[in-house]
Amino acid sequence: MAETAANAALDPLEPRPLVAPHHDDASLNETLLDHVWRKPGKGWFMLFGLSLSALGLLVIGVTYTLARGIGVWGNNQPVGWAFDIINFVWWVGIGHAGTLISAILLLFQQKWRTSINRFAEAMTLFAVMCAGLFPLLHTGRPWFAFWLFPYPSTLGAWPQFRSPLVWDVFAISTYLTVSALFWFVGLIPDLAALRDSSKTKLQRTLYGLFALGWRGSGRHWHNYKIAYLLLAGLSTPLVVSVHTIVSFDFAVSLLPGWHTTVFPPYFVAGAVFSGFAMVITLIIPARKYLGLRDVITDRHLENMNKVILATGLLVSYGYLMEHFVAWYSQNQYEMWTFYVNRATGPYAGVYWLMIACNVITPNIFWFKKARTNIAIMWVASIAVNIGMWCERFIIIVTSLSQDFLPSSWGIYTPTWVDWCIYVGTLGLFGTLFLLFLKFVPAVAISEVKELQLELKHAAHHHGTDGASAGAGTLTHGAH
């Protein structure tokens, strides 16, 4: 049996472990809670200071916008939508990986989701918070945002349900609610573990408050499993529906470059594509500095790179179909948008950067060396997110800046307020993510322990079966 195990370890075709095999429950507790209890290092404080500085830009940009109105943005006629909707779609897309990893991979019983689901769920929650700011500010009077909800009022006003912008309100609010519940329910057993290992009364009280009286009894685990599975079932349709509704903001219009039926699946694929890229971008430095390499292994990273490759090919197919349909229809406005305005117009540089990042870059993951090289995958993941932001810029700005009438064409240039708000949301996201890494276990402890137990049982049965087969062979030879 020892020889079989050694051969498996040396066999390059044997899948690498999802959790380092030398861990037991006590060492997993120590590894996964260590970064919560230890004092943050200089790197954490430096990043936190940088994020807070960027967050300060958000405060400046939003305050100036509320004081002066959205005329301080670069929006103009004809580009009435610009950085606000570009960044809204980009942030919503980034959040999709969390839902896919947490919900769909759970329902398909993919074990490799276990160590990365909490990272991705937290990322979803914070990305949707950042996304929600943009349409709220774009209304011009965010203090009247409640008018978008259907409630009986003396004004007798009612939301225009034929507008996809109103659909966005319900899609994003539902997405945020379900994502927050899913994240929090998964945290409860680990918050109880933090409560039980707290050193001070304040820590015990705070973690105990959020642990909701969890004691780990059979009844608690039974209810927990049912709630988690139900939330996974609720979240699964959201992976498709939320970004489909976001794509309807454009697809239901008549503008060239927007009026196309390929948008819903193309947007969903792009959302998962950018979401997984952001998970890679964040998880690589986190696993190194939090000491989580034993539970977030190279196998997790390689699997995520495979998803990036698959969704990158879907996005590339979407680009191809857009251009093919424009040519096949022989519609002069569509032909102009795709073959002239985007490829050679005033924003051609952004267009070709998008092609380089979204079409060419993911194809390096056909090679196993690229899928398993930390530096390559980290740079590629950043390139993908740059490319996806460029894609949203190209879709929105090029179609609006040059529509049907040349006399109404215009050029869009973002102002310093646009950049402040965008960089500020990056700061908001970074601040929330760093606080999450400091005060909450970044990996689901209970799920990793359960996975480790399953893997040990599977290895034991595999070893027993191997030994039985070997004994049978020897007996047959003796006869």
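Helices here are DSSP runs of H or I with at least four residues, and strands are E runs of at least two, numbered from the N terminus. The model is predicted: local features need pLDDT of at least 70, side-chain atom pairs count only at pLDDT 80 or more, and totals for chains, interfaces and linings use all residues. Residues are numbered from 1 along each chain as its sequence is written, and side-chain values use heavy atoms, with hydrogens and water left out.

Start with the open space. A pocket is an open set of points on a 1 Å grid over the protein atoms alone, with protein on both sides within 12 Å along at least five of seven lines; a cavity is a set where a 1.4 Å probe fits but cannot get out; lining residues have an atom within 4 Å of a point. Points are joined across faces, edges and corners, and a volume is the space filled by probe spheres set on them.

The largest pocket holds about 1200 Å³. Its lining counts 39 residues, with Leu47, Thr281, Leu282, Pro285 and Leu434 nearest the centre. H16 supplies the largest share, ten residues. At least two each come from H3 (42-68), H4 (83-94), H10, H15 (374-401) and H16 (416-439). The lining has 27 nonpolar, eight polar and four charged residues. Here Ala, Val, Leu, Ile, Met, Phe, Trp, Tyr, Cys and Pro count as nonpolar, Asp, Glu, Lys and Arg as charged, and the others, Gly among them, as polar.

The largest nonpolar core has 126 residues, and H10 (residues 263-289) gives the largest share, 15. Such a core joins buried Ala, Val, Leu, Ile, Met, Phe, Trp, Tyr and Cys residues through side-chain atoms within 4.5 Å. Buried means under 20% relative accessible area, exposed over 50%, partly exposed in between (1.4 Å probe, protein chains only). Met304 is among the residues with the most contacts inside the core, as are Phe276 and Ile283. Beyond four places in sequence, Met304 is in contact (heavy atoms within 4.5 Å) with Trp112, Ile116, Phe276, Val279, Ile280 and Ile283.

Four cavities reach 30 Å³ or more. H7 (164-196) gives the most to its lining, with four residues. Glu121, Tyr175 and Ser235 are among the lining residues, which divide into four nonpolar, five polar and one charged.

The second largest cavity also holds about 60 Å³. Trp147, Phe149 and Trp158 are among its lining residues. That lining has seven nonpolar residues, one polar and no charged.
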